Amino acid sequence: MQSTAILSALAQEQHGLIELLQRPSKVNRAGRDFWLGELHGQSVVLALSKIGKVAAATTATALIERFGVQRMVFTGVAGGLGVGVDVGDVVVGQSFVQHDLDASPLFPRYEVPLYGKTQFGSDTVLTQQLLEAARSTLKQRHVSQAYPAAKAHLGLIASGDRFVSGAMESNALRAALLAANHDVLAVEMEGAAVAQVCHDYGIPFAAVRTISDRADDTAHVDFPSFIDQVASQYARTIVKTFLKLL
Ligand code: ADE
């Protein structure tokens, strides 16, 4: 059976998955715990990405090199940047850009040097399955009751090593990306790095992010309570529905 890596950004999101893991075993590698087992009939490896692009790239590489996973799915939270991307919505990544990558004037802003690319795409099939799982989760009122108007979006996610927590900063970030034709929906700190690692290894990748804040002046206040109360519940239901679609 193909093994699926499920990367979570935060321990709270991972707890619910570990509880459901059948025949669990834990392996420590590179200072990280990797949980192997079966979830909803699928062979899985659960891991915490840790926070930031480098940490997430290390976790992704270990999942591929040491645990031989054949596909990778990321669940986490993000700040909403796009118009109409509100707290409680879900964004499924179609492509990923590193908003803090700038090797200009040697390379165009946002381009990953020596790749000739500014964006890395997600796998089309996995992404459609994840989108379907996200839509179905939002329809389950016991999961999304706090956000009855929540929407699922598909599009561009920007990653960088910053927690964006200011209206001026998030507006400037969005405008700069838009000026380079990157119409971004959400900002987080890992997705583009994992997408690049999966691109390098030819591993299908998909990512889903629940919007925990609007990357504005209250982002740091909204974030912790949202993780505990909403994001972990969303992640568990989305992953369950997704694995059943595989
Ligand atoms: N993850 C969740 N919210 C975020 C934000 N505002 N900036 C970066 N990463 C985030």
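Seven helices and 10 strands make up the secondary structure of this chain. The radius of gyration is 17 Å, close to the 18 Å that the globule rule gives for 246 residues, so the chain is as compact as a globular protein of that length. Keep in mind that you're looking at a predicted model.

**The chain as a whole**

- Along its principal axes, the C-alpha atoms fill a box of roughly 50 × 40 × 30 Å.
- Of the 246 residues in the chain, 54% are buried.
- Take the contacts with a separation of 6 or more: 77% of them join residues 24 or more positions apart.
- The chain exposes about 10,500 Å², and carbon and sulfur atoms supply 52% of that area.

- Helix α2 covers residues 53-65, which is 13 residues. From first C-alpha to last, α2 reaches 18 Å, close to the 18 Å expected at 1.5 Å a residue.
- The buried residues of α2 are K53, A55, A56, T59, A60, A62, L63 and I64.
- Helix α3 runs over residues 124-139, 16 residues in total. Its end-to-end C-alpha reach is 23 Å, close to the expected 22 Å.
- On α3, the buried residues are L126, T127, Q129, L130, L131, A133, A134, T137 and L138.
- A bit of background for reading those lists: an α-helix has 3.6 residues a turn, so residues three or four places apart point the same way.
- What do the buried residues of α3 pack against? Their partners are the strands β5 (71-80), β6 (90-98), β8 (152-159) and β10 (205-213), along with the helices α4 (141-144) and α7 (219-245).

- S122 sits in the loop between β7 (119-121) and α3.
- Is S122 buried or exposed? At a relative accessible area of 15%, S122 is buried, because the cut-off for buried is under 20%.
- Leaving out residues up to four places away in sequence, S122 touches G93, Q94, F96, T127, F205 and A206. One of these, T127, is on the list of buried α3 residues.

**The loop between β6 and β7**

- S104 is in this loop, and with 39% relative accessibility S104 counts as partly exposed.
- S104 and Q128 are 24 residues apart in sequence, and their C-alpha atoms are 35 Å apart in space.
- P105 belongs to the loop too. The peptide bond from S104 to P105 is cis, with omega near 5°.
- Y110 is another residue of the loop, and Y110 is buried, with a relative accessible area of 1%.
- Phi of Y110 is near 80°, a positive value in a residue other than glycine.
- For context on both of those backbone features, most residues other than glycine have a negative phi, and most peptide bonds are trans.
- K117 is found in the loop as well. With a relative accessible area of 29%, K117 is partly exposed.
- Setting aside residues up to four places away in sequence, K117 touches Y110, E111, V112 and H199.
- K117 and A180 are 63 residues apart along the chain, and 13 Å separates their C-alpha atoms.

- Q14 lies in helix α1 (residues 11-20). Q14 is buried, at 5% relative accessible area.
- Not counting residues up to four places away in sequence, Q14 touches S8, W35, L46, A47 and L48.
- A235 is in helix α7 and is buried, with a relative accessible area of 5%.
- Which residues does A235 contact, leaving aside its neighbours within four places in sequence? They are E13 and T75.
- A235 and E13 are 222 residues apart along the chain, yet their C-alpha atoms are separated by 6.2 Å.

- A215 lies in the loop between β10 and α7.
- A215 is buried, with a relative accessible area of 0%.
- Phi of A215 is near 55°, a positive value in a residue other than glycine.

Note on methods. Residues are numbered from 1 along each chain as its sequence is written. This is a predicted model: local features need pLDDT of at least 70, side-chain atom pairs count only at pLDDT 80 or more; totals for chains, interfaces and linings use all residues. Side-chain values use heavy atoms; hydrogens and water are left out. Helices (H or I, at least four residues) and strands (E, at least two) are DSSP runs, numbered from the N terminus. The radius of gyration is taken over C-alpha atoms; the globule rule is 2.2 Å times the number of residues to the power 0.38. Buried means under 20% relative accessible area, exposed over 50%, partly exposed in between (1.4 Å probe, protein chains only). Contact means heavy atoms within 4.5 Å. Accessible areas come from the Shrake-Rupley method with a 1.4 Å probe; for residues, only the protein chains shown count as cover. The expected span of a helix is 1.5 Å times one less than its number of residues.
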